[in-house]
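Subject: Structure handover

Hello,

Here is the structure you will be working with. Please open it and keep it in view while you read my notes below.

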Amino acid sequence: MTTDAHCGHPTAAPARPGGRDPLPLAGRTVLVTGVSRRVGIGHAIACRAADYGASVVAHHYRPHDASQPWGADDIDAVMTSIRTHLVGSARLVDIPVDLAAPGEPVRVVEQAAAAAGHLDALVCNQAMSSPDGPLSEMTEAVLDAHWAVDARASILLAQAFAAQKGFASPAPARSGGLGSRSVDNHRGAIVFLTSGQGLGPLPGEIAYAAAKAAIAGLTPTISEELIDAGITVNTVNPGPVDTGYVTDADREAIAAMFPQGRWGEPDDAARLITWLLTDEARWITGQVINSEGGFARWRH
């Protein structure tokens with residue numbers, strides 16, 4: 001292991017046949033949205049990115065969780081947990097923002113980039129859970145609310161991320177800030193999250209399914225637009241993941257639909273999503289990846 005003279009971050013030893021970099025995100029900064037609960041996917045992604053050497057900017061919006069049946073977590077405890085995963089001089093910044101509010105997605109990226117000097121990766125993990133409902137009960141307000149959080153915010157976050165200087169051209173050496181480093185041919189990565197709406201019905205979730213379908217459908221188009229800038233764009237459907245919202249009865253019944261007899265866990269999703277941010281995944285873009293652990297919707 002060596003140290004980058006520009007930032008003091010551990011960097012990988014010279015490549016060796018068959019070897020893997022234990023810190024593939026060292027010196028980079030990752031913005032993860034929806035990091036508000038220790039049992040959530042966002043927290044798992046932030047922790048794994050930190051394990052890989054990254055500095056992390058964690059967005060959260062606690063009022064949403066407070067309005068849900070499962071309730072809100074202690075944000076300070078969430079951030080403390082992530083800090084235990086940081087490596088070397090990597091740092092954590094948290095930004096509380098309602099991404100449905102006009103102008104806020106752009107402000108989050110600008111604030112994160114100002115703290116970091118440059119963002120290297122973006123994971124759009126934020127999601128609105130409820131209210132929602134079946135077609136017969138759907139309203140304009142509910143549709144618009146889900147669109148604003150589950151689709152519009154992700155599009156605008158990606159737009160602001162890609163607008164940073166340094167993409168599509170060699171990035172200059174930079175000093176100070178989070179994850180500062182000297183790089184050639186700056187590469188970026190965006191990962192959106194969708195759901196399984198394209199693989200089977202989501203009963204009672206018309207608004208959520210519609211917004212998440214939009215993100216999955218846009219993935220090839222956004223990827224094509226950004227690939228010449230050196231930014232890969234992929235979308236992950238993590239399948240049913242137990243993030244503390246399911247009842248005991250549902251947990252038991254749905255577990256039988258998985259070959260391994262269990263629900264997905266947050267780190268099951270985080271392992272794939274964080275890997276897509278590394279250089280090992282630089283040839284993968286424009287894909288919607290279903291990572292459901294063999295979930296069989298017809299299994300009873």
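Start with the sheet. Seven strands form an open, parallel sheet, in the order β5-β4-β3-β6-β7-β8-β9. Two strands count as paired if DSSP finds at least two bridges between them. The edge strands are β5 (92-96) and β9, and each of these pairs on one side only. On average, neighbouring strands in this sheet are turned by 15 degrees against each other, direction ignored. For such angles, axes are lines fitted to C-alpha atoms, for helices over the stretch in contact; the angles run from 0 to 180 degrees between N-to-C directions.

A word on the source. This is a predicted model, where local features need pLDDT of at least 70 and side-chain atom pairs count only at pLDDT 80 or more, while totals for chains, interfaces and linings use all residues. Residues are numbered from 1 along each chain as its sequence is written, and side-chain values use heavy atoms, with hydrogens and water left out.

How confident is the predictor? pLDDT is its confidence in each residue, from 0 to 100. The chain has a mean pLDDT of 88, and 87% of its residues reach 70 or more. Over residues 1-13 the pLDDT is below 50; this stretch has 36 contacts in the model beyond near neighbours in sequence. Residues 179-184 also have pLDDT below 50, with 25 contacts beyond near neighbours in sequence. Contact means heavy atoms within 4.5 Å.

Now the whole chain. It has eight helices and nine strands. Of its 300 residues, 51% count as buried. Buried means under 20% relative accessible area, exposed means over 50%, and partly exposed lies in between (1.4 Å probe, protein chains only). The chain exposes about 13600 Å², and carbon and sulfur atoms supply 55% of that. These areas come from the Shrake-Rupley method with a 1.4 Å probe; for residues, only the protein chains shown count as cover. Take the contacts in the chain with a separation of 6 or more: residues 24 or more positions apart account for 74% of them.

Next, look at β3 (residues 29-32). Thr29 and Leu31 point one way, Val30 and Val32 point the other way, and all are buried. Four bridges join β3 to β4 (residues 55-60), and the two run parallel. Within β4, valine 57 is the bridge partner of leucine 31. To get from β3 to β4, the chain passes through helix α1 (residues 41-51), and this β-α-β crossover is right-handed. Right-handed means that, with the strands pointing away from the viewer, the path from the first strand over the helix to the second runs clockwise. α1 lies across β3, β4, β6 and β7, and runs at about 175 degrees to β3.

β3 also pairs with β6 (residues 121-124), in the parallel sense, over three bridges. Here leucine 31 stands opposite leucine 122, and valine 32 stands opposite valine 123.

Then go to β8. How many of its residues are buried? Seven of its seven. On one side sit Ile231, Val233, Thr235 and Asn237; on the other sit Thr232, Asn234 and Val236. Six bridges join β7 to β8 in parallel, with phenylalanine 192 opposite threonine 235. β7, helix α6 (residues 206-226) and β8 make another β-α-β unit, which is right-handed. Three bridges join β8 to β9, also in parallel. Threonine 235 stands opposite valine 288 there.

Helix α8 (residues 266-275) has seven of its 10 residues buried, so it is largely enclosed by the rest of the structure. Those buried residues are Pro266, Asp268, Ala269, Ala270, Leu272, Ile273 and Thr274. Their cover includes α1, β6, β7 (188-193), β8 (231-237) and β9 (288-290).

Last, find serine 154 in helix α5 (residues 140-162). Is serine 154 buried or exposed? It is buried, because its relative accessible area is 3%. Leaving aside neighbours within four places in sequence, serine 154 is in contact with Cys124, Gln126, Phe192 and Ile215.

Best wishes

Technical notes. pLDDT is the predictor's confidence in each residue, from 0 to 100.
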